Amino acid sequence: MTNFPDFHPLTVIRDWGRGQAFRLADALTGVAVFGATGSGKTSGVAKHLALGYLANDFGGLVLCAKKEERYQWERWARDAGREDDLVIVNGAGQARFNFLDWEASRAGEGGGLTINIVALLDELAGAIAGNAGKDENGGENKFFDDALHHLLTNLVDLPIFAGLPVSLPLLRSIVTTAPTSLKELEDPDWQKASACAAIIREAEDKLTTAPSDLRQDLEECKNYWLREFPVLSEKTRSIIVLSFSMLVRPFITRPLRKLFSTDTTVRPEDAFAGKIIIVDLPVQEYRLAGRVANLAWKYCFQVAVLRRMQPQRGYLRPVFLWADEAQNFVSDFDAEYQAVARSAGGCTVYLTQNRESYRRVLGNDDAVDSLLGNLQAKFFCQNSGDTNEWAAKLLGERWVNVTSTSSNRSEQGATGGVSRSEQRRYFVEPSEFTTLKRGGDVNNFLVECIVYKGGHLFEGLPYKLLTFNQRT
Ligand SMILES: Nc1ncnc2c1ncn2[C@@H]1O[C@H](COP(=O)(O)OP(=O)(O)OP(=O)(O)O)[C@@H](O)[C@H]1O
Ligand SMILES: [Mg+2]
């Protein structure tokens, strides 16, 4: 076999025989796997790709929806001789990541830090709210999203003006002590006890001799807290304050506090050196806290990948962003990310049951198409429902000769014969996806899937049938 330099795009990750292969370039353009519950997504396709990625020295981030995810990666890493590269982020607290410090330590001068931190908090808030903002009554939700974004921007700015480190407990204490009426503003007790009032005074002191544009920015921020926030309607204020609390609370209480709000022992960039970071706080067990923990890691990882610099020579080490049951973690940002991540060595692998599971989260078909358009390699395991129609359309049609025999009775008498015609047919009919092998002993532990690689022809066909043995 041809030898390529390290991480060359043509490197074969999995050899599929007869000159066909899954190459590093295919990993870089993203992977989406579909299949019904128990169709063999994990024990067939996921295992096949994961072992290939591990054997080829990829780094990566693994998001966890299920408890078994971590154990499975431990097995796969052992099989590939990579167990030393595993970093397990879990309740034991060995692997800690203070993402706000991390962000602060890498932001340049100026307003970049606020923008980056607000973008992260917006992303988490959006994911917690789910698709609530995207249904037909989206107008009102859009208003609250914007109101929350506006609060976050003014909130994150304040400690930065005062020269204090941005931390979630500090942000929360500003919000909970902000004036809720103009009358309260005048109250000496409030002025004395409020963290919000104190930090505004600190910022003013700090910036007395600062350049005028900075002082103007502080005025804007003060305007928000001292004029706009107190006169917000009760409903608006309570919704955005509640949304903010729901967002930060998991990070500043057990079990996540130690993992996200203390020091840092592991960063997303460690994956660039070959670490495999497993966010073993599965949604199945930790619920909302697990989701926000996984999402915080995911977003920071994505941002880190997008900031990667190209080496002077050679290729970047590929890093995977891996999510089984990916409907727990998808967001609109993923399409944008994967479109650019390819040139930064980012390889997304998302597994889920069907299109509908993404649609429920992303809210509409356009968002799903945009995500899936950026995950070019698609693996279809046994499935039922609309995903099969979509898959059949994706693989396309061809002309086939159809031979039919007929016999007609009419007044002229009986006629009959054989006719031939050309008809358009799917390469793979939707029904064929329903009968693919699902593993287990009834199938002799074989899992079948149909792979599509964004228009690539496999010996003349736009797809290939792959068979995996669950036992090997
Ligand atoms: N190593 C194995 N040996 C034998 N059978 C297995 C093995 N791993 C899984 N199975 C069985 O094979 C079938 C496919 O399992 P798998 O977990 O891969 O499906 P899946 O598509 O990932 O399902 P889910 O949506 O539930 O995660 C299931 O019936 C499962 O019990
Ligand atoms: Mg599975």
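Guide: F34 stands opposite F380 in β9. This is a predicted model, in which local features need pLDDT of at least 70, side-chain atom pairs count only at pLDDT 80 or more, and totals for chains, interfaces and linings use all residues. Residues are numbered from 1 along each chain as its sequence is written, chains are lettered from A and ligands numbered from 1 in the order in which they are written, and side-chain values use heavy atoms, with hydrogens and water left out.

Visitor: Why are strand β3 (residues 31–34) and β9 said to pair?

Guide: Two strands pair if DSSP finds at least two bridges between them, strands being DSSP runs (E, at least two residues) numbered from the N terminus. β3 and β9 have four bridges in the parallel sense, so they pair. β9 also pairs with strand β12 (residues 446–453), in the antiparallel sense over four bridges; there, the bridge partner of K378 is Y452.

Visitor: Which residues point each way from strand β9 (residues 377–380), and are they buried or exposed?

Guide: A377 and F379 point one way, K378 and F380 the other, and all are buried, that is, under 20% relative accessible area (1.4 Å probe, protein chains only).

Note on methods
Buried < 20%, exposed > 50% of the residue type's maximum accessible area, 1.4 Å probe, protein only.
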